[in-house]
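Student: Could you take me through one part of this model closely, the contact between the two chains? I would like the cut-offs along with the values.

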Amino acid sequence: MTQISRDDVQHLAQLSSLQLSDKELDDLQKDIENILRYVEQLSELDTSGVEPTYQVTDLENVFRDDTVIDYGVTREQLLEIAPDRLENSVRVPKVL
Amino acid sequence: MTTISDIKSAIASSSARKVVEDAIEKAKNNASYHALLSLTEERALERADKVDSGDIKGKLAGVPFVVKDNFLAFGAPTTAASIMLENFNAPLQATSVEKLEAEGAICIGKANLDAFAHGGSTENSAFGPTMNAYDVTRVAGGSSGGSAVVTALDIVPFALGSDTGGSIREPASFNGVVGIKPTYGTVSRYGVVAMASSTDVIGAFTTTSQDAELVLGIMAGTDVRDMTTLPDFFSPVDVKPHQKIGLIKEFMADDVDSEVKDRINDYVAKLRQAGHTVEEVSLPIVKYTLAMYYIIVPAEISSNLGRYDGIRYGHRTNKPQSLSELYGKSRDEGFVTENKRRIMIGSYVLSSGFFDAYYLQAQKARTLLINEFNELFKAYDVLIGPVSPTPAFKLGENTSDPVKMYLADIMTVPASLAGLPALSVPAGTTKEGLPVGIQLIGQRRSDSQLLALTKSMENA
């Protein structure tokens, strides 16, 4: 049976770039444990020698012409939807 | 209920403007269902006038429709029912919306959904749930709940939805309308908020199978902006007589609501009367498909939702002190709990050390599921069963237990994982008056055969 500790949840939150409150961490610890217990039943299934399926189109190596497609979107439109901009740049807090 | 051809007659005898104004008025009068998050009134009326002046033409000239609010469309924000995208005004439109507009259709509004389409009841919307069209104390189903309800309330003759594990079929069943999840790759997903890319498909809600055929025919086809689209194979066909149909016995188990089973058996009787053969078949791996789904889909979600970083678009937390706080708080504030659950489950099953036991095992099990389907399709044209084990459940009934909520998807996820086309069509109601849908599953690219069959049953 999978046991998920509070540290595990904290670690998963960090991997997922989620800064959670203490209450959320408690709730998610319980939920994630329950969900993992449910999906664990899959280990009963014998899959030896079975190839995994990653996609279901049967398409392979879909090529397109090496030409520029006009998406009809301008730089100004993209800057307009950024939460914070400075002239022609998107502004973020200091990184280093 | 109103069909597309009824609407076209109304446009011919009055005007596109009148028809679009009526649809918008009806949407406003039914605001208490909370099926719509926004109306695109100004743009809709401008386009209606252009239809009336002859500047816009096409197979759907002037016909109003609604899109689920995870489709990028002009005239209102595309929120995905989340705080993350609450104020996101898309700079482009989804290919499916563009194709419908090219045929003159008029989008009048954007429908409620579970935030980022994560859910089966529309209760995970950051802006509150949608009420069922037949009983306001019950859920609309989900995640495309709003789209199903606007169709069922006759506000518009069709609405678009997305289906990753049942998100079109389940709400269609709960609200007594037709819902089609086409073969994976039929319709371009460009411009639709991605959830789980190996099962996400675009489809529609309509009041008849005929209309589903019309709308899907317009949306289908290759798009260089979505490299998973199949070459257009979709064209209407005549119904094949004397089909061999398999009723999936695992979908008719003891724990399935007896009235749901009664309605399915009624439909089976009608199929037999129409000259088709119906036999019980078994898909034993069904008991594992939900476990596969809730490994594969969260894995893909955790990856697809990585793009919401609060930098380029979407919600950014107020005055972050560092870059990691910007990411962490923006995502915490922008996502609902179900989004976080799925992202974190995805992070777990993809982490080194757990990858083989969960993700790889699920993808191998998926192959076994596809093999079982292929075996059945050697002998049967179509597989049928319920869409959901119950009619629409009560609002709040399953919200405290995520696993219980997931169990409602048990009959819809198999077709999603295998990329098969599947329909939900109305099969009658319970004694209480709640709609029950029947699900028809076909081989890949047999979408038009499925619709031909349900069309013949509607006309029977």
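Tutor: Happy to! Buried area is the accessible area (1.4 Å probe) that two parts lose on being put together, summed over both. By that definition, chain A and chain B bury about 5200 Å² between them, with 69% of it on carbon and sulfur atoms. On the chain A side, A:Q19, A:L42 and A:V56 lose the most area to chain B, together 13% of what that side buries. This is a predicted model, where local features need pLDDT of at least 70 and side-chain atom pairs count only at pLDDT 80 or more, while totals for chains, interfaces and linings use all residues. Residues are numbered from 1 along each chain as its sequence is written, chains are lettered from A in the order in which they are written, and side-chain values use heavy atoms, with hydrogens and water left out.

Counting contacts (heavy atoms within 4.5 Å), 57 residues of chain A meet 69 residues of chain B. Four salt bridges link the chains, each a side-chain nitrogen of Lys or Arg within 4 Å of a carboxyl oxygen of Asp or Glu. One of them joins A:D31 to B:R341 at 2.7 Å, N to O.

As for helices (DSSP runs of H or I, at least four residues, numbered from the N terminus), α1 (6-15), α2 (22-39) and α3 (75-80) of chain A each supply at least two residues of the side that touches chain B. The largest share, nine residues, comes from α2(A).
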